[in-house]
Amino acid sequence: MKLGQERRLFDAFIVVSPAFNKDLGAWQLKLDQCLPSTARVNLPKQVELFCFPDIHEINRRKVDLRCSLRKSEEFTFVLTQSSGHRTFGFCRRVLQTTKFEDSRYDVRPRIPQTICFLTSYPYFNMFHMLLKTVQIRRWLTPSAVAPLLRDLYNKEMPSPATPFYLQRM
């Protein structure tokens with residue numbers, strides 16, 4: 001993904017989820033969300049596979065994803081273009097936060113999702129902190145996630161040694 005004139009904090013925020021295809025008897029990945037929506041056309045090819053690198057093993061072993069994840073997992077991937085430009089994917093695999101009739105998350109199995117920031121900046125600690133913040137917001141107040149992500153996306157990357165502030169945090 002190429003950055004424009006602005007030095008944005010990230011290029012895209014995506015959510016990738018597996019869905020079970022009964023006809024194939026296998027889990028298939030789908031891109032559930034992309035912010036900003038205009039970034040969808042510029043996403044790296046098959047970015048979903050980088051967000052779920054173990055999907056082939058899951059299908060080979062016939063793992064039931066509804067019961068496999070007990071705690072969140074964090075990982076990072078790097079995609080390097082022939083020009084040398086790098087795109088970092090900072091990922092956190094979490095359980096889906098879709099609420100059912102009851103609002104308790106602990107009473108029914110849920111499928112994992114991967115939330116991911118795609119960026120050209122290798123700021124591991126900052127992006128992993130932001131992933132945890134987004135995960136908590138998705139649990140507590142899902143309506144507050146989109147405004148937070150919009151504010152983050154519209155933030156310009158500060159110069160070195162310059163404080164970074166965000167109102168919605």
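Modeller: First, a definition: two strands pair if DSSP finds at least two bridges between them. Helices (H or I, at least four residues) and strands (E, at least two) are DSSP runs, numbered from the N terminus. This is a predicted model, where local features need pLDDT of at least 70, side-chain atom pairs count only at pLDDT 80 or more, and totals for chains, interfaces and linings use all residues. Residues are numbered from 1 along each chain as its sequence is written, and side-chain values use heavy atoms, with hydrogens and water left out.

Colleague: How many bridges pair E1 with E2?
Modeller: E1 and E2 form a hairpin with four residues between them. Gly25, in the turn, has a positive phi of about 65 degrees. Phe20 has Trp27 in E2 as its bridge partner. The two strands pair in the antiparallel sense, and the bridge count is nine.

Colleague: In what order do the five strands form the open sheet?
Modeller: The pairing is antiparallel. E1 pairs with E5 over five bridges, with Val16 facing Thr114 in E5. E3 joins E4 (residues 86–95) through eight bridges, and Thr76 stands opposite Phe90 in E4. The order is E2-E1-E5-E4-E3.

Colleague: Which are the edge strands?
Modeller: The sheet is open, with five strands in the order E2-E1-E5-E4-E3. An edge strand here pairs on one side only. The edge strands are E2 (26–35) and E3 (73–80).

Colleague: Which helix packs on the sheet?
Modeller: Contact means heavy atoms within 4.5 Å. Axes are lines fitted to C-alpha atoms, for helices over the stretch in contact, and angles run from 0 to 180 degrees between N-to-C directions. The helix touches E1 (12–21), E3, E4 and E5 (112–119), and its direction makes about 35 degrees with that of E4. The helix is H3, residues 124–140.

Colleague: Is E1 largely enclosed or open to solvent?
Modeller: Buried means under 20% relative accessible area, exposed over 50%, partly exposed in between (1.4 Å probe, protein chains only). Seven of the ten residues of E1 are buried. So E1 is, by that count, largely enclosed.

Colleague: Which residues touch the most other members of the largest nonpolar core?
Modeller: A nonpolar core is a set of buried Ala, Val, Leu, Ile, Met, Phe, Trp, Tyr and Cys residues joined through side-chain atoms within 4.5 Å. The largest has 21 residues. The residues asked for are Ile14, Cys34, Leu43, Cys51, Phe77, Cys116 and Leu118.

Colleague: How many residues are in the second, separate core?
Modeller: Its members include Phe88, Phe90, Ile115 and Val145. The size of this second core is 20 residues.

Colleague: How far apart are the closest N and O atoms of Asp54 and Arg93?
Modeller: A salt bridge is a side-chain nitrogen of Lys or Arg within 4 Å of a carboxyl oxygen of Asp or Glu. Asp54 sits in the loop between H1 (47–51) and H2 (55–61), and Arg93 lies in E4, 39 residues apart. Asp54 is partly exposed at 29% relative accessible area, whereas Arg93 is buried at 6%. Their closest N and O atoms are 3.0 Å apart.

Colleague: Which residue forms a salt bridge with Arg61?
Modeller: The closest N and O atoms of this pair are 2.9 Å apart. Both partners lie in H2, four residues apart, so about one helical turn separates them. Arg61 is exposed, with a relative accessible area of 58%. The partner is Glu57.

Colleague: What is the N to O distance between Arg60 and Glu57?
Modeller: Both residues lie in H2, three residues apart, about one turn of the helix. Arg60 is exposed at 59% relative accessible area, and Glu57 is partly exposed at 33%. Their side chains meet in a salt bridge with an N to O distance of 2.7 Å.

Colleague: What pattern does the chain follow along the sequence?
Modeller: The chain has four helices and five strands. Buried residues make up 43% of its 169 residues. Read along the sequence, the pattern is β-β-α-α-β-β-β-α-α.
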